[in-house]
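Subject: Handover of a structure

Dear colleague,

Please find the structure below, followed by an account of what was found in it. I would be grateful if you kept the two side by side while reading.

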Amino acid sequence: MEIMENPVLSKKELDDVVKIHMDTFTGFFLTFLGKGFLRQMYKGFLAHENSGLIVAKNKNAVVGVLAYSEDLSTFYKYLIKTRLIPFAWYSLGAAIRKPSAMVRLIRAFLKPGETKREEKYVELSSIGVSPETKGQHIGTKMIDKLKEMFDADKFAYINLETDAVNNEGTNAFYIKNDFMLSRTFETLEGRKMNEYRWTRR
Ligand SMILES: CC(C)(COP(=O)(O)OP(=O)(O)OC[C@H]1O[C@@H](n2cnc3c(N)ncnc32)[C@H](O)[C@@H]1OP(=O)(O)O)[C@@H](O)C(=O)NCCC(=O)NCCS
């Protein structure tokens with residue numbers, strides 16, 4: 001098994017990444033926007049200079065993916081600027097399936113601005129491991145890689161948000177990986193969230 005930082009992904013490998021997202025984030029909003037949207041988003045993480053992907057590969061298959069950004073606010077602006085037409089297309093599809101999704105989509109893109117902070121930090125945007133390889137420490141290896149890349153001279157901490165309710169396994173996973181609960185909050189949709197931070201001691 002190989003842990004790679006920002007690899008060039010073949011079409012099949014990008015499909016694997018999207019499949020992992022669809023399989024692990026079932027019922028989540030970005031999943032609802034569909035495969036085409038997710039392809040553009042993950043390609044965006046690779047293309048944006050302050051964001052990236054850590055990918056776990058087993059032979060030729062991608063079995064895990066971690067998306068991060070050193071500046072989530074500029075990442076979203078970059079996505080809109082460089083991929084406006086595909087995003088508009090996929091969003092239209094989602095809006096037809098569920099009109100209320102449009103409000104949610106606009107909120108999702110505006111949110112990073114709302115949570116702007118004084119200090120610079122790295123956001124662990126998402127992490128997923130294929131269901132067949134869960135529990136084999138692939139998630140931990142990807143987090144270890146992100147910690148190894150973390151530049152404490154430039155950034156204060158690694159930050160992440162995850163559901164507080166019905167999500168015991170993921171919360172246990174972050175605590176096991178030395179993340180500390182920094183706050184709990186509720187989203188505009190009424191989701192209870194936990195925010196965790198890790199910093200090099
Ligand atoms: C969360 C996730 C990334 C963990 O990856 P993983 O490779 O399965 O996790 P690891 O094997 O590295 O687990 C490391 C430790 O975390 C803890 N842990 C992991 N999953 C756990 C679970 N479901 N319940 C309790 N503890 C868990 C364990 O202590 C484990 O160590 P151990 O096996 O030595 O006891 C993976 O389960 C996943 O893709 N989940 C679905 C997507 C998701 O919820 N992502 C996070 C939201 S952004």
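Asn6 sits in the loop between β1 (2-5) and α1 (11-24); helices (H or I, at least four residues) and strands (E, at least two) are DSSP runs, numbered from the N terminus. This is a predicted model, in which local features need pLDDT of at least 70 and side-chain atom pairs count only at pLDDT 80 or more, while totals for chains, interfaces and linings use all residues. Residues are numbered from 1 along each chain as its sequence is written.

Although Asn6 is not a glycine, its phi is positive, at about 45°. Most residues other than glycine have a negative phi. Asn6 counts as partly exposed because it has 14 C-beta neighbours inside 10 Å; a residue is buried with 20 or more other C-beta atoms within 10 Å of its own, exposed with 12 or fewer, and partly exposed in between, the C-beta atoms being placed from the backbone. Asn166, likewise not a glycine, has a positive phi near 55°. Asn166 belongs to the loop between β5 (158-163) and α8, and with 8 C-beta neighbours inside 10 Å it counts as exposed.

Regarding the overall fold, the protein has eight helices and seven strands. The C-alpha trace spans about 45 × 40 × 35 Å along its principal axes. Of the 201 residues, 27% count as buried.

The strands deserve a separate paragraph. β2 (residues 51-58) and β3 pair in the antiparallel sense over eight bridges, where pairing requires that DSSP finds at least two bridges between two strands. The bridge partner of Gly52 in β3 is Tyr68. These two strands form a hairpin with two residues between them, and Lys59 in the turn has a positive phi of about 55°. β3 also pairs with β4 in the antiparallel sense, over six bridges, with Ser69 opposite Glu123 in β4. Eight of the nine residues of β3 are buried, so this strand is largely enclosed by the rest of the structure.

The largest nonpolar core has 40 residues, and those with the most contacts inside it include Tyr42, Leu53 and Met142. Such a core is a set of buried Ala, Val, Leu, Ile, Met, Phe, Trp, Tyr and Cys residues joined through C-beta atoms within 7 Å. Strand β3 (residues 61-69) gives the most to this core, with six residues. Leaving aside neighbours within four places in sequence, Tyr42 is in contact (C-beta atoms, placed from the backbone, within 7 Å) with Leu14, Val17, Val18, Leu53 and Ala67.

Val122 lies in strand β4 and is buried, because 26 other C-beta atoms lie within 10 Å. Beyond its neighbours within four places in sequence, Val122 is in contact with Tyr68, Glu70, Phe150, Phe155 and Ile158.

Lastly, 18 residues surround the ligand, the closest being Thr24, Gly139, Thr140, Gly169 and Ala172; a residue is near the ligand if its C-beta atom, placed from the backbone, lies within 6 Å of it. The elements giving two or more residues to this shell are β4 (122-129), α7 (138-149) and α8 (168-176). Of these, α8 gives the most, with five residues.

Yours sincerely

Notes. Contact = placed C-beta atoms within 7 Å.
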